[in-house]
Amino acid sequence: MAAPPAAPAMDSLLLRAPVTALRFVGGARLVAGEGPNVVVYGLDADGGVAGSHWQRVLRNHRIHGIKERRSPSPEAEPRTLAVFGGKGLIVLELCARGKEVSLTELCQLCELHDWIWDLQWLAGSTGTLTHVGLALGHNSVALYDYASHRTLREVHCEEKCILYSAYLVGDSWDELVVVAGTVFNQLVVWRVADGSDEEARIKPQRRVSGHDGVIFSICYLKSKGILASASGDRSIRVWDVGDLQAPRDPVRCLLVCYGHQSRVWSVRLLSDYLISIGEDSACIVWNYNGEVVQSFRGHKGHSVRAVAVHEARGWVATGGADTGVRLWHIRGPEPNGNGLVQLNFSPPHRNGSPKAVKLVDASRLLVMTDAGAIYSYNLASKCWALVMEDVNYQSYCLLEVVQLAKGIVLCAMGNLTGHVKVFSLCCPTESEEKRLYEGKVHSLSWAACPGGDPSRHVLFASGPGGVLLWLEVSCCSSGRVASVVEKCCYLLPVCRHRWHTSVAFLPQEGVLVCGDRRGSLLLFPCSTALGSGTEQMLKAGQGDAADDPVGHGLVCKDSGDKPGLISSQGEGNRPVQGPISLLFGLHGKLGVTSVTCQDGFVYSTGRDGCYRQLQVQDRRLQVLRKQKPCKGLEWIEQLHFAPDGNLLVLGFHASHFVLWSTRTNEKLHCVPCGGGHRSWSYGRWLASEVFAYIKSGDILVYQSRCGPSRQHVLREPLHGRELTCVRHVGTIRNRGCRPVDILVTSSEDMTANVIAVSESSRSLAPLAAIGDHISSVRALAVASGSWREETADWSAVLFSAGGRAEIECYRLLLSCDHDARRGVACQVIHVASHQLDEHWDRMRNKHRVIKMDPETRYMSIAVVVGTDAPCLFLAAACSDGSVRIFLMLEPAQKLLLVAESFHHQHCVLRVETFMHRVAGDRRRHFLCSAATDGSLAFWDITATLEHAAAALELASGELQPFALGAPSLTVQAHSCGVNSLHVRQTAAGPYLVASGSDDGSIHICLVAVDTALSEPSPSLPWDVVPPGASAGARVLLLEAFSRPGAHAAHVTGLRVLRPDLLVSASVDQRLTLWRLGKDSLVFLGSRFCHVADVAELDCWGSEERGYGCVLCGQGLEIVWCMARAGPQPLPSCRALE
């Protein structure tokens, strides 16, 4: 008799799941529960993370509570912790020596007969310390000895029902009081000691009603005699119960707090505040008058699941469904703290009304009036002073201010007659004034001198006809303006609003980047040299911008009016330089608001609610990424790069000024200023932040102290909602020669994340976030990348697709970096995008097609195997019953629909591709699709790909999609939807096709390709539709069998690791390995995974090293599997019939 196959080793390498329990232990440690794992964070004095340690303790149970046994001293070591969740309980000893932390199990895992809602440490009658009281799920309390694994006593309440929450109070069994939150929206208070015997049920002392929803959390504060409850009716209620040993009758409701937008999960009572967390991802601090003191919103998506409070230090820790952990600081009201101040504009000898406001530094601001007067205001002394007055700058005037390195403040003014005046704030009477234009000055902006000279600064001025002047301003040592010299002249593209809004130098490239009011980005050379043709054209008075001198084909034509320059030398129109690169209307018609250069990249913002990262390559602007920092921020004004690496976004949400932190995902400030169309100014310094604006003829100032950060991200979040797909990009080695796996995840929160997983430290670090999609991201595909030893970088192409029939394409550049986390840096470059509704809008008039359903979703995508960049083909399974093929042209940055078929007539759930080599090393490409009716279809798409590539060369643009024709083979594999599909070639040549279904079954079929009857591809003309299967190879079914009931729920992930080894994942949270035998699947082993609602599985590795299996759903888990190769009892390969 043959020996059974050896059980494979399946070890959990990494788990990222919702954080469901938190507890402060001692003065500087936070213990978190994540799935079955306990994570201990060491904290510094300010609350930042100083180290972490994790350990798996509850096996297949999820941790819901952590209780520390009371210690005689707050700093006593070691600490004893009871960790419980589900029906499991374990007691741990936490010992810390410096930064080293150890967790020792004081007992084996205890499993009870009912769910544990709460735990209370109890003193035994004989002084034993191993007794705990447990509040169980059906309104009973058990006295449990964890050392002997015995339930000593159990008593039941007369109110026999399921509980949603419970809270235990008392230090001994006889003093124990239970407050239970029942399924009937009531609080039931009863004493354990009231039971005459264990058989009798105990009558409740009090029933407290008031909530209209389920009660999820209860908390009691003995010093005040109050009880708090959190409910699904979105409220927190505070009750006057007094001493729970003899509660008041009746129990009055003292306070009802409404502030959450969804269900409230938990509440905590402090001496001065109460704290609540909810499904709306908010953590709210209330006072006992029911007023909101603070509101913390930093977690992504929905639900903060756990909260812990360190009242002595004013710390609040929260854990979310986004798998992140954050620490906040409670700050009470501070004198002279944040707030709005109205200045009551009333300087001595006031002249005019405020028109413009500019901040000079943290204590000074300038105000320009409509009468041409400039006043300064000192925020510390609250004094006004007149700086200067010029009637030539009344009615219309521009004001821009900049502070130089030596503290010199330069001011620039522009008016209707084309004059620009520059002066120093310390010597306002000694100014330099020039008339630059015959018309008004449209805009002014300062920029740092590219040479780095602290005594010089650059001023840019825009005038009529789109003329942009570069003025160099020099200062004396006394601070007086010495000279204003015209250095260069540029011309902006023709548009209605033809002036610049911001300029930034890129010195290493010898260029400057300009943003204009039309939303365009332009690249100009810093050199003043012009081609002879350009110079002659402008001197001839044609008034048109030159052709692009470097041959990029850019032409900027004037609208008919000549630039209207005034020459300081009286020589007529000067030579004008056109842009060498132009991205017209990049930020939409409302304009570019700022341009910033940082670390060799260009960042631009606009009123389209997005900021973009660009680079200059071969003297051309190239967009790398588009980011939308947060929902609702329609107008982005500036980006601030903080010294700690945080990116701050300034913008406007409706009528509010918002300062958004991209690191902590929260609004740092929100000021109701009335909108960004009014004059305003913002400044950020080491000690404070100031925002000033004009409203109703007065100046209002918002001041905030820049103290320590009120939030620490102890662990980065993953996604705000459920993960939908995960793909392994590759494995690279960092500088320490340690392997780092690169993964990409997608989610319902419309984002995709690139993450690095270290196998040695079992940790995860986010590398980049992609947020270009307008709906959920459901599918990912990666074109195999390549590692280059000489440059130590990895390049791969990533496709993402999902709702609203949208596909995005990116190139990922991964490199080793000492300064980056995990030693890996990632650069994401956006290559192309495609939306079906835009495609049909372009093609509708040409081909009279019906517009597609905007709710079409891409369910699955796969890169066609054997096609290479820069021309890649992508296959997509669509919810409208079609299979579509796209062509990606990277040099042209285009993604084109080239073929489709509606063969299935049902929602297509999965698609896979494979390649077959024939004689002469030629390739044939095949596509396998699966639908909700349980059928599989096989297509030979070789001719279609060849026709599409050739037709595109002739058409050089859009083309009518080809028809795929009939499939070569169809197989009815399942009785319902196919949720997982994988194809792998065997050593003998045929292909193994594995599929998993909604009914929990796995189907295996063996197919072969017969090229004997294939016909040559049709020749030109190309308007002949490829005949599909009739011109391709036959796909023959050799063997087929299925394993019913392989899982207890939908099989959502499936991979053939070897021709004899298969792994499957299911919604039943089991990862299972199977040996592929003759006409059967042999069970090898299974592991419970702590990712609920498993949506996808991906695998990598080898037989020698082992296989990494990553699952995603409500979280992410990586399991490492080791399975020895066995014999190859594959299905027999009969001769082709």
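## Aromatic pairs

Rings of Phe, Tyr and Trp (for Trp, its six-membered ring) pair if their centres lie within 6.5 Å; planes under 30 degrees apart count as stacked, over 60 as edge-to-face and the rest as tilted. Ring pairs of this kind join Trp635, Phe652, Phe657, Trp680, Tyr682, Phe691 and Tyr693 into a cluster. The model is a predicted one, in which local features need pLDDT of at least 70 and side-chain atom pairs count only at pLDDT 80 or more, while totals for chains, interfaces and linings use all residues. Residues are numbered from 1 along each chain as its sequence is written, and side-chain values use heavy atoms, with hydrogens and water left out.

The structure contains 26 aromatic pairs. One of them, phenylalanine 460 with phenylalanine 505, is tilted, at 5.8 Å centre to centre and 45 degrees between the planes. Phenylalanine 460 belongs to strand β41 (residues 456–462) and phenylalanine 505 to strand β44 (residues 500–506), so the pair ties together parts that are 45 residues apart in sequence. Strands, numbered from the N terminus, are DSSP runs of E with at least two residues. Phenylalanine 460 and phenylalanine 505 are both buried, where buried means under 20% relative accessible area, exposed over 50%, and partly exposed in between (1.4 Å probe, protein chains only). For phenylalanine 652 and phenylalanine 657, the ring centres are 5.7 Å apart and the planes stand at 65 degrees, so this pair is edge-to-face. Phenylalanine 652 and phenylalanine 657 are buried as well.

Elsewhere, 5 strands form an open sheet in the order β68-β69-β70-β71-β75, with mixed pairing. Its edge strands, β68 (858–863) and β75 (962–963), each pair on one side only. Within the sheet, β69 (residues 871–878) runs antiparallel to β70 over 7 bridges. Phenylalanine 873 stands opposite leucine 887 in β70.

## Salt bridges

A salt bridge is a side-chain nitrogen of Lys or Arg within 4 Å of a carboxyl oxygen of Asp or Glu. The whole structure has 29 of them. In one, the side chains of arginine 762 and aspartate 11 meet at 2.6 Å, N to O. Arginine 762 is in the loop between β62 (752–758) and β63 (763–770) and aspartate 11 is in strand β1 (residues 9–16), so the contact ties together parts that are 751 residues apart in sequence. Arginine 762 is partly exposed, at a relative accessible area of 29%, and aspartate 11 is also partly exposed, at 34%.

Arginine 252 and aspartate 240 form a salt bridge at 3.2 Å, N to O. Arginine 252 lies in strand β23 (residues 252–258) and aspartate 240 in strand β22 (residues 235–240), so the pair ties together parts that are 12 residues apart in sequence. With 47% relative accessibility, arginine 252 is partly exposed, whereas aspartate 240, at 11%, is buried. Asp240, Arg248 and Arg252 are linked in a network of salt bridges. A further salt bridge joins the side chains of arginine 811 and glutamate 890 at 2.7 Å, N to O. This pair links distant parts of the chain, 79 residues apart: arginine 811 in strand β66 (residues 806–816) and glutamate 890 in the loop between β70 (883–889) and β71 (894–901). Arginine 811 counts as buried, at 16% relative accessibility.

## Cysteines

The structure has 0 disulfides, a disulfide being a pair of cysteine sulfur atoms within 2.5 Å. Cysteine 219 is buried, at 8% relative accessibility, and cysteine 630 is buried at 11%.

## A nonpolar surface patch

Ile162, Tyr164, Val183 and Phe184 make up a nonpolar patch on the surface, with about 360 Å² of accessible area together. Patches are made of residues with over 30% relative accessible area and no salt bridge; like charges are joined within 9 Å, and nonpolar side chains (Val, Leu, Ile, Met, Phe, Trp, Tyr) within 5 Å. Accessible areas come from the Shrake-Rupley method with a 1.4 Å probe, and for residues only the protein chains shown count as cover. Phenylalanine 184 sits in the loop between β16 (177–182) and β17 (187–191). With a relative accessible area of 52%, phenylalanine 184 is exposed.

Notes: Helix = DSSP H or I, 4+ residues; strand = E, 2+ residues; numbered from the N terminus. Pairing = 2+ DSSP bridges.
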